[in-house]
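Reader: I'm new to reading protein models. Please pick one part, take me through it closely, and then show me what lies beyond it.

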Amino acid sequence: MLHRQRDFAEAMSPDPTMERKTAIDVAGVVKRFGHGPAAVVALKDVSLAIRDNEFFTLLGPSGCGKTTLLRILAGFEAVSEGAVSLYGENIAGLPANRRSVNTVFQHYALFPHMTVAENVAYGPQRLGRPVKEIAETVARMLQLVKMEKFAERRPAQLSGGQQQRVALARALAPHPKVLLLDEPLSALDLKLRQAMRAELKQLQRATGITFVFVTHDQEEALSMSDRIAVMSEGEVQQIGTPTEIYEYPANRFVASFIGDANFIVAQIDGITGGMAKCRSVRGLSFTLAAAPGGKPGDKVTLFLRPEKVRIEAPGDAGLAGMIQTMEYLGQSIFYQVDIGEDSPLIVAGRNRDDGGTPYKTGDRVSLVIGADALRMLVA
Amino acid sequence: MIASARTPALRRLLGLLPALVVIGLFMLVPVAIMALYSFLEANPFGGVVWRFSPEAYVQFLFERDLADNLVFQSGYLIIILRSLGLAVLATILCLIVGFPIAYFIARQPARLRNIWIYLITIPFWTNQLVRTFAWIIILGRNGTIELPFRWLGLLGADDTLGLMYSDFAIVIGLIYAFIPIMVLPIYASLEKLDFRLVEASADLYSSTFETFRRVIIPLAKPGIVAGSILVFIPCLGAFIQPDLLGGGKKLMLGSLVQFQFATARNWPFGAAVAMILLTFVVLCLLWYAQAARRAGAQSGALAHA
């Protein structure tokens, strides 16, 4: 499976020159808040490397340490242990105002007593850039985020989406080496959030600046990122491209945090030629690619995405089951299908052009699972 | 139609009536009496003679010599200038001392802030006279500050540090008396300040000083202005501090008013001094109101745009 994963990564990689410079190198970073036994460990030995000109996302539930890591990169928090370097320069001891890193804050933190233009000019001014250059930068940045017409307004006069754009312009104006974005879309409504995703991605391409984006929203992460680090409880669970993370989650946490997933607890009966025969607790048997290190007799978790199962009329092929409940979501329909296991299998059917769903609750069906859809998680 | 249009206005007026009566009775009427008295003739035995005379105001700048000619004399003008000077000085020092206190309190965890505010206001609940007397014990001859110097033999030929009965002592007394009313409004505006802005400023390459100058001070400005005015006005009219700590030698406007009514029995002159004091206060408030209106107009423009 490891072998295939690598092939997969190569095939999916948009640009073949993967060996780019490292923008940020986080090595063995530990962050504790408080002292002694009352100390809370926010980051336990986090190491990751963010490449130059990459859209890198830290994804995880709240309290997983992603914001702490971002604040460490920005210079608002000091590391308890470990090293952080920016383009090879150790920045662990450097205060926030001396790092070539800018932040787009979750609630924008625009200066309320300044106009939009003054907000955007703030960074370049503190860097002592010439007045003429600052004026040009401000104009260019406002144009970049399509806010030229609002230069003389104050933040209170702007909508959330507009404030968001100003916050972006302000953080990009000093042309930092790395832009940090702390859940910048979370305060926007759904439509705006979706529109901003494409814009952010486009902005990152246009400026060529490395983006480090923090979010708890898996859709945001999947749609924008070049690579994602999934975090949980102060640890990095997996780092990979969106496809790698979604298709080949490293463990059960990653699999369940991103997208929907079915898990079947099983035991390996035997392995022949890389293919494992597994038997679930209730006696269902599956054949799938063995995870590296898997031995006969091991307890494993089988993992299956709901959309990789096809529902068919009952027949010889596939897994027999009965539809327990249906959840109609418009675009797709989620069925809970009883297959005799402890928990029903969740299967996603697409809303097809024949008008809705051909199946209903109580129907006996056959589930056809694609050859490569079922995966083995060791952890 | 008309009745229905009038009723809310009438009701509003009725609702405001108690406040209007209180303000009218206890503020406008006394001020009017004072203004009236300042234009009457003094009765040497106290009170006034009911005859119009601008004498009280003339007395400010001029003295009548034996031949009844007006001769310029600067005594009272100096008192006005000293009052203004000491009040400005005390206000500035209050600001310098009070701002860090307010900032410190605003940065405390929410549950500790109220305790700090409580501690700040405690002295305010004690009689001002008693608190001012305490400073005599601290600053006076053989006082808390002077004693160690005496024991160490550091005192000069005049055998005293000469802290008491000076402008210095007056200003110390004024700062001590009015620091809470400087701290509270500044705290109120700093407490509202979003400290993420401080982080944003640091993120945008500001040193601590630049952040202070360009983010914290501008956003705390309403509190700074309000606190300064609230301190400046009572400082200008203070009479306990100049009396007790200044030894009555260094008069301020407040002590002059008190002296004219209580000792010199020149009510019209006392009233005239009070009117002059009031003029300064009103000028101050007008300036403040205008500043507030400017700020309001700005935010109003924001709201409409």
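Author: Let's start with the second largest pocket, which has a volume of about 550 Å³. This is a predicted model, where local features need pLDDT of at least 70 and side-chain atom pairs 80 or more, while totals for chains, interfaces and linings use all residues. Residues are numbered from 1 along each chain as its sequence is written, chains are lettered from A and ligands numbered from 1 in the order written, and side-chain values use heavy atoms, leaving out hydrogens and water.

A pocket here is an open set of points on a 1 Å grid over the protein atoms alone where a 1.4 Å probe fits, with protein on both sides within 12 Å along at least five of seven lines; lining residues have an atom within 4 Å of a point. Its volume is the space filled by probe spheres set on the points, joined across faces, edges and corners.

In chain A, α7 (218-224), β15 (309-312), β17 (332-338) and β18 (345-350) each bring at least two lining residues; helices (H or I, at least four residues) and strands (E, at least two) are DSSP runs, numbered from the N terminus. β17(A) gives the largest share, 4 residues. By type, the lining divides into 11 nonpolar, 6 polar and 6 charged residues. In that count, Ala, Val, Leu, Ile, Met, Phe, Trp, Tyr, Cys and Pro are nonpolar, Asp, Glu, Lys and Arg charged, and the others, Gly among them, polar.

Over all chains the structure holds 30 of them. One joins the side chains of E54(A) and R227(A), at 2.5 Å from N to O. That pair links distant parts of the chain, 173 residues apart: E54(A) sits in the loop between β2 (40-51) and β3 (55-59), and R227(A) in strand β9 (residues 227-232).

Between chain A and chain B the count is 2 salt bridges. R126(A) and E210(B) meet in a salt bridge through their side chains, at 3.3 Å from N to O. On the side of chain A that touches chain B, α2 (66-74), β6 (101-104) and α3 (116-126) each supply at least two residues. That side divides into 14 nonpolar, 8 polar and 5 charged residues.

Key. Salt bridge = Lys/Arg side-chain N within 4 Å of Asp/Glu carboxyl O.
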